Amino acid sequence: MHDITDDQFPSQPELSDKLPRFRLIRKLSETKMSVIYLAEEKDLGNRPVVVKVIAPMLAEEDSFRERFRHEILRTANLGHHNIVPVYSAHTDGELLYLVMPYIEGPNLRDLLRGGPIDLPRTVHMIREVASALDFAHAAGIVHRDVKPSNILIHQPTGRVMLCDFGIAAPALGERLTEVGRQVGTPGYLAPELIPGSDRGHAPVDPRADVYSLGVVLYQCLTGRPPHQHSDVGALLWAQGHEDPRPVSEAQPGLPRALDKVLATALAKRPQDRYRTCTELADELTLAVTGGRVRGVRRTRPHRALPWKPVVAIAAAVAVVATVVVVLVTNTGADDAESPIFRVPPVLRGDCDSTGPSPDITGAGETLLCHDGDQLVRFSLFADQATMDSAYSIETEKSGVARDNGDCTKATGAEHRYPNGGDQVGRVLCYTDGGTTRLVWTNDRDRTIAETEVREADDRRLAQSWTGWVGIPAYPTDGEKSLVDLVELARCGRAEAGTLSSFRDLVAGIDCDPTQQGANAVSYYRFGNVDAMRRTYDQHVRAVNAPSGSLCIDSPLPANFLGNRAYDLRSVDLGTMLCYLDERGQAVLEWTVEPLLVMVRATGPKPEDLVDWFEQTYGIPLPKVVDAANKKSRPPFPTVAESALLGHIPEDARKNCMRPPASQIKVNRAGASTAAVVCGPTPGATIVFYYQFPDKASMDAAYLGQQDVSGRDCLQNPPDFHADAPYSRGGDTGRLSCASVRSNPGNLQLFWTSDRTNILVMAFQGWEAADMLSWWQSTGGPA
């Protein structure tokens with residue numbers, strides 16, 4: 001084993017020379033196995049990334065490099081919105097490294113420093129991590145190092161993401177290893193993985209991650225792990241032999257049903273735990289909402305799952321790319337593959353085999369389950385295509401249009417579910433002859449479930465269904481984040497039937513606008529900008545909107561049909577689409593890329609809807625500006641921009657941003673050393689401030705703008721056209737005024753400051769007297 005020392009890594013300047021594609025900004029962490037930097041990828045628009053560099057002494061080992069390369073190839077394809085992806089990796093030569101996106105926000109360990117986490121947020125985070133883990137398990141990958149520091153919270157969206165920013169270390173480090181295996185982190189690794197345990201050399205299966213997720217859940221609920229010892233040996237012994245204190249005792253006030261959930265998740269034997277992480281999340285939701293928790297119940301004695309390792313970690317040290325992994329393959333059916341496990345956990349307690357459904361054809365097996373007096377029939381299919389065909393036949397018989405309504409709100413609907421995140425399946429609800437019927441699919445389990453009640457009980461049935469399939473209560477963290485963003489009082493979950501075209505949707509809400517012009521507005525947050533762009537492009541194609549027409553230009557596009565990029569004071573924010581829907585209502589849709597948000601507003605008249613947008617932007621303008629500034633590269637403001645902002649009077653220093661290079665060129669201010677655009681101000685909507693190194697370059701830029709001279713703007717010149725020297729408050733310079741020929745009501749005011757070498761260009765003033773009064777009092781520069 002290597003004696004790895006703390007100074008083994010190249011310095012930041014040395015690494016910068018070895019990694020010319022990246023601009024290393026600062027070190028995020030360093031262990032004996034890796035060093036991690038926040039960086040910018042120069043060739044891709046300076047996008048923020050994390051670069052993880054492996055310890056050179058490990059990189060020298062041929063066997064280690066081969067394992068590193070192989071595991072990167074296997075884990076790099078885990079494309080899930082709750083898993084931090086790998087952008088790229090270098091697996092040859094003396095320098096091994098990974099490149100991953102930078103996730104802005106804390107990790108769960110940071111949050112836990114403040115003590116236990118509230119129940120709604122805990123349920124949300126556990127469900128998000130469970131989704132990521134089950135996705136990895138379906139791909140044959142077990143994480144084996146699930147712990148708070150590997151769970152990140154993306155601050156702008158509230159999305160929870162699973163990663164591994166650490167690296168498996170030798171026995172001298174925090175984590176444990178043994179020959180041929182990487183085990184994990186004491187306190188979090190499953191008992192069967194502890195070296196020397198009865199199952200210490202048995203093949204690992206996904207229920208090892210169920211245990212680790214249970215430890216994380218316990219810590220979220222109580223603020224501390226279930227087992228705590230300063231001695232690692234004592235800690236491992238406790239994990240294998242002691243039952244943790246029930247959470248309802250460790251944290252008084254928690255529902256006692258949580259004790260059963262944790263007892264099942266933290267069971268010593270894998271076969272006594274939940275089979276999947278989603279089952280754990282489902283039971284957690286039931287415990288919190290007052291539902292009946294059953295733990296794991298099986299229809300016959302259990303035999304250990306026959307999982308066979310495909311790739312074993314064959315040295316004392318192992319490195320994992322996106323997640324710490326052992327790759328596994330299921331070698332055959334056993335008790336865990338029983339049909340009962342294709343039924344939601346809440347319904348497994350009372351199920352029997354039954355004959356085929358008279359309405360659903362093509363199923364290989366059928367189960368009849370009870371929830372109290374409510375009967376639910378599950379038809380189990382061998383393949384997705386047969387299931388989809390059977391569901392389509394049922395939908396056609398119902399007469400309900402596809403992608404319509406929301407079964408959680410009213411019958412007569414058909415849509416995918418849930419409203420955000422990964423799609424689980426589709427649901428149909430309708431009433432026929434006084435009976436309300438509910439039919440839904442589960443793509444993962446390849447099942448169609450059906451149940452029915454009297455029409456008068458349809459809302460009770462909808463409520464039961466949300467519990468069966470694990471639909472979280474409103475608002476989730478993602479929905480609350482959107483509500484907080486838009487600052488509207490009356491909002492609710494977006495109607496599911498409207499979301500069929502949305503991809504990688506994190507959350508959607510419908511709100512009542514507070515100002516006239518729009519009668520409804522909806523907000524949708526996406527997991528990434530590519531998904532949002534694809535959704536927007538699909539909407540453009542659906543209405544056949546021509547490109548090149550900006551919806552808010554005057555005059556409005558013909559038939560209110562257009563599609564073009566839009567900007568805020570010359571800074572590009574996204575794209576905008578307008579059209580008239582089938583009822584003749586005006587519709588305005590636009591993306592706000594810095595926020596990963598798409599907005600849809602409707603109103604009776606196009607001109608009123610445009611007025612509403614120009615007054616509100618749909619989202620409070622300071623929040624849009626703040627997000628755009630955080631995304632700019634380099635981050636706004638730089639030192640030079642901060643100095644320029646210091647010269648802008650307070651009443652004009654609103655919503656300031658960095659104008660793009662193209663706008664600076666249009667304004668003939670290429671020689672400036674800093675540029676800022678702000679507004680609205682008391683005198684003009686848009687004001688540019690340009691700092692020049694000297695008076696000569698400032699005057700050259702100013703003179704390049706002028707086509708009038710000889711008259712004084714302060715003397716009320718005809719048509720507001722003039723250009724003359726001025727003296728004001730100890731400063732001198734030149735002042736020009738003009739009105740836009742194509743729009744005489746749109747006034748402009750340009751001036752220079754000899755004292756500061758700043759050129760100011762104010763646009764979209766509407767009253768000459770107000771504009772000049774503002775210039776004389778607080779127009780600046782100060």
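Analyst: A residue is called buried when its relative accessible area is under 20%, exposed when over 50%, and partly exposed in between, using a 1.4 Å probe and protein chains only. This is a predicted model, in which local features need pLDDT of at least 70 and side-chain atom pairs count only at pLDDT 80 or more, while totals for chains, interfaces and linings use all residues. Residues are numbered from 1 along each chain as its sequence is written, and side-chain values use heavy atoms, with hydrogens and water left out.

Some background on the chain comes before the pairs. The protein chain has 782 residues, and buried residues make up 55% of them. It has 20 helices and 32 strands; these are DSSP runs numbered from the N terminus, with helices being H or I of at least four residues and strands E of at least two. Counting contacts (heavy atoms within 4.5 Å) with a separation of 6 or more, 57% are between residues 24 or more positions apart.

Now the salt bridges. The term means a side-chain nitrogen of Lys or Arg within 4 Å of a carboxyl oxygen of Asp or Glu. How many does a search of the whole structure find? The count is 39.

Take E41 and R47 to begin with. Their closest N and O atoms are 3.0 Å apart. E41 is buried because its relative accessible area is 3%, whereas R47, with 26%, is partly exposed.

Another pair is R426 and D403, with 2.7 Å between the closest N and O atoms. R426 has a relative accessible area of 12%, so it counts as buried. D403 has 27%, so it counts as partly exposed.

The side chains of D754 and K695 also meet in a salt bridge, at 4.0 Å from N to O. D754 sits in the loop between β31 and β32, and K695 is part of helix α19 (residues 695-703), so the pair joins parts that are 59 residues apart in sequence. D754 is partly exposed at 24% relative accessibility, and K695 is partly exposed at 39%.

Is T756 buried or exposed? Its relative accessibility is 12%, so T756 counts as buried. Leaving aside residues up to four places away in sequence, T756 touches H647, Q691, P781 and A782.

Salt bridges can also be linked to one another. D359, E394, K397, R437, E450 and E452 form such a network. Between β18 (435-442) and β19 (447-454) there is a loop that holds R446. The phi of R446 is near 55°, a positive value in a residue other than glycine, and R446 is partly exposed because its relative accessible area is 29%.

N544 is another residue with a positive phi, about 55°, although it is not a glycine. N544 is in the loop between α14 (529-543) and β23, and its relative accessible area of 64% makes it exposed.

Strand β23 leads on to a helix. The buried residues of α16 (residues 621-631) pack against β23 (562-568), β24 (571-580) and β25 (586-592). Which residues are they? They are L621, V624, V625, A627, A628 and N629. An α-helix has 3.6 residues a turn, so residues three or four places apart point the same way.

The peptide bond from Y474 to P475 is cis, with omega near 0°, and P475 lies in the loop between α12 (458-469) and α13 (477-486). The bond from G679 to P680 is cis as well, with omega near 0°; P680 is found in the loop between β27 (674-678) and β28 (686-691).
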